[in-house]
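Me: Got a structure to go through with you. Can we take it piece by piece?

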Amino acid sequence: MENEELESEELDEFESEETDREIVVPGEVLTEDVEHFIPGRGTLLNKNKTKIIALNIGLKQIKKNYINVIPLRGFYTPKPGDKVIALVIDKNPVKYKCDINAKDLAVLKPRNAIKRGRIKSFRGGSQGSSNMESEEFEVGDILIAKIISADRLNMPELTIVGKYLGKRVNGIVITIDPPKIPRVIGRNGSMIKLLKNLTKCNIFVTQNGRIWIKGENIAYERLLFDAIKKIENEAHTVGLTDRMSHYIESEKQKRGIK
């Protein structure tokens, strides 16, 4: 049940990419139809405002009337509302410092790590109160968190108050290029459903390029790890979902996994 809920959450976070498998390079003209199209991510208008050109190497994407270029490689830029997998690397009484696979570390303050208990009732008809206390973490703990603030002047700030957020125990964390995350999910969730069904693993995908997996045994986890890395390496190719289905079934036979 948890696996299905996580999947629906991920699909809300990552809209499927309407992306051509055409690789473009910086300076390449994407369209001269500036009346019907608007420059989006990774693109700009030329000086005469007659053409939309690419700013970096990547995949051309047309979404509604926007033309974007999805980079083949990139780094994670924190944005409020993003779900991330964070690694606790330092702690003191006022905050935790976390690695979120970005240029800067993020901070988690105790007020944003509240563990809400059940509401306690009291005699005498009093209103009652909720039992709230901050969770405590250790260096090395893995957290699924949400970014609540991010700007150029301050370290990104995290919260673990919310559905599906909090500490993850056991399992494995995989890191891939953040721009490849939509390919792990696939159009309408096709790829992630395939991965879950064929490897019997729970998967939680986040925008900072990190993926938490937990399977029935280590053999399934290793297979899923290899499959995700293959997706990362072949993200720019066509027919990837069908090819991954064949790859996983073939690897299961080779590795003796039922």
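Me: Which residues of α3 are buried?
Reply: Met-191, Ile-192, Leu-194, Leu-195, Lys-196, Leu-198 and Thr-199 are buried in α3. This is a predicted model, by the way.

Me: And how enclosed is helix α3 by the rest of the structure?
Reply: Largely enclosed, because seven of the ten residues in helix α3 (residues 190–199) are buried.

Me: What follows α3?
Reply: Lys-200 does. Its phi is positive, near 55°.

Me: Next, Cys-201. Buried or exposed?
Reply: Cys-201 is buried, because its relative accessible area is 1% and the cut-off for buried is under 20%.

Me: What stands opposite Cys-201?
Reply: Gly-215 in β18.

Me: How many bridges do β17 and β18 share, and in which sense do they pair?
Reply: Five bridges, in the antiparallel sense. Strand β18 covers residues 210–215.

Me: What is the strand order in that sheet?
Reply: β16-β18-β17. These three strands form an open sheet with antiparallel pairing. At the edges stand β16 and β17 (201–205). Each has a single partner strand, so one side of each is left without a neighbour in the sheet.

Me: How much are neighbouring strands of this sheet turned against each other?
Reply: By 25° on average, direction ignored.

Me: Where does Thr-175 lie?
Reply: In strand β16, which spans residues 172–175. Thr-175 counts as partly exposed, at 35% relative accessibility. The C-alpha atoms of Thr-175 and Gly-209 are separated by 5.6 Å. Along the chain, Thr-175 and Gly-209 are 34 residues apart.

Me: How many bridges join β4 to β5?
Reply: Three. β4 and β5 run antiparallel, with β5 made of residues 52–54. Leu-44 faces Ile-53 of β5, standing opposite it.

Me: Salt bridges now. How many are found in the whole structure?
Reply: Eleven. One of them is between the side chains of Glu-138 and Lys-91, at 3.6 Å, N to O. That pair links distant parts of the chain, 47 residues apart. Glu-138 sits in the loop between β12 (129–134) and β13 (142–149), and Lys-91 in strand β8 (residues 83–92).

Me: What does Glu-157 form with Arg-111?
Reply: A salt bridge, with the closest N and O atoms 3.3 Å apart. This pair links distant parts of the chain too: Glu-157 is in strand β14 (residues 157–159), and Arg-111 is in the loop between β10 and β11 (114–120). They are 46 residues apart.

Me: And which of the two is buried?
Reply: Glu-157, with a relative accessible area of 12%. Arg-111 counts as exposed, at 55% relative accessibility.

Me: How about Arg-243, what does it form a salt bridge with?
Reply: Glu-234. Their closest N and O atoms are 3.0 Å apart. Arg-243 is partly exposed, at a relative accessible area of 31%. Glu-234 counts as buried, at 19% relative accessibility.

Me: Which residues do salt bridges with shared partners join into one network?
Reply: Asp-226, Glu-251, Lys-254 and Arg-255.

Me: Last topic, the surface. Which residues make the nonpolar patch?
Reply: Leu-87, Ile-89, Leu-105 and Met-155 make a nonpolar surface patch of about 270 Å².

Me: Where is Leu-105 placed?
Reply: In the loop between β9 (95–99) and β10 (106–108). Leu-105 is partly exposed, with a relative accessible area of 30%.

Methods:
Residues numbered from 1 in each chain as written. Predicted model: local features only at pLDDT ≥ 70, side-chain atom pairs only at ≥ 80, totals over all residues. Heavy atoms only, no water. Patch = residues over 30% accessible without salt bridge, like charges linked within 9 Å, V, L, I, M, F, W, Y side chains within 5 Å. Areas by Shrake-Rupley, 256 points an atom, 1.4 Å probe, with all protein chains shown as cover. Salt bridge = Lys/Arg side-chain N within 4 Å of Asp/Glu carboxyl O. Helix = DSSP H or I, 4+ residues; strand = E, 2+ residues; numbered from the N terminus. Buried < 20%, exposed > 50% of the residue type's maximum accessible area, 1.4 Å probe, protein only. Pairing = 2+ DSSP bridges. Axes fitted to C-alpha atoms, helices over the stretch in contact; angles between N-to-C directions.
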